[in-house]
Amino acid sequence: VIAHLLTLSALVLAYRISPFHPLAHYPGPLRCKLSKFWIGFLSLDGRSHEYIKRLHEEHGDVVRIGEPTLC
């Protein structure tokens with residue numbers, strides 16, 4: 001069971017950074033492409049807006065900062 005979960009997690013992360021992902025052409029840091037946990041961690045101190053502003057200054061108008069969620 002553990003090997004299955006580790007393999008599944010590795011494949012999901014590989015897909016998120018692959019050129020086959022629908023959002024692959026949007027720029028952004030690797031850790032933000034992999035998960036929303038990084039931006040969530042930055043939100044703990046209430047300064048995530050400064051980080052996002054820096055990303056826009058670096059990458060332009062559109063920045064990929066997390067995976068889309070399914071509702």
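**Notebook: core, rings and charges**

I looked up the largest nonpolar core first: this core has 6 residues, Cys-32, Ile-39, Leu-42, Tyr-51, Leu-55 and Val-63. Helix 3 and helix 4 each give at least two residues to this core. I took a nonpolar core as a set of buried Ala, Val, Leu, Ile, Met, Phe, Trp, Tyr and Cys residues joined through side-chain atoms within 4.5 Å. Helices here are DSSP runs (H or I, at least four residues), numbered from the N terminus.

The model is predicted, so local features need pLDDT of at least 70 and side-chain atom pairs count only at pLDDT 80 or more, while totals for chains, interfaces and linings use all residues. Residues are numbered from 1 along each chain as its sequence is written, and side-chain values use heavy atoms, with hydrogens and water left out.

**Aromatic rings**

I counted aromatic pairs next and got 2. The ring centres of Trp-38 and Tyr-51 are 6.3 Å apart and the planes stand at 75 degrees, so I noted this pair as edge-to-face. Trp-38 belongs to helix 3 (residues 37-43) and Tyr-51 to helix 4 (residues 48-59), so the pair ties together parts 13 residues apart in sequence. The rule pairs rings of Phe, Tyr and Trp (its six-membered ring) with centres within 6.5 Å; planes under 30 degrees apart are stacked, over 60 edge-to-face, the rest tilted. Ring pairs join Trp-38, Phe-41 and Tyr-51 in a cluster.

Tyr-51 is buried at 9% relative accessibility, whereas Trp-38 is partly exposed at 27%. The cut-offs are under 20% relative accessible area for buried, over 50% for exposed, and in between for partly exposed (1.4 Å probe, protein chains only).

I also found Arg-31 over the face of Trp-38, 4.4 Å from the ring centre. For this, NZ of Lys or CZ of Arg must be within 6 Å of the ring centre and within 35 degrees of the ring normal.

Setting aside neighbours within four places in sequence, I listed the contacts of Tyr-51 (heavy atoms within 4.5 Å). They are Pro-29, Arg-31, Cys-32, Trp-38, Ile-39 and Leu-42.

**Salt bridges**

I counted 2 salt bridges, taking a side-chain nitrogen of Lys or Arg within 4 Å of a carboxyl oxygen of Asp or Glu. Arg-47 and Glu-50 form one, at 3.0 Å from N to O. Arg-47 is partly exposed at 48% relative accessibility, and Glu-50 is partly exposed at 34%.

Lys-53 and Glu-57 also form a salt bridge, at 4.0 Å from N to O. These residues are 4 apart in helix 4, which means about one helical turn between them. I noted Lys-53 and Glu-57 as exposed.
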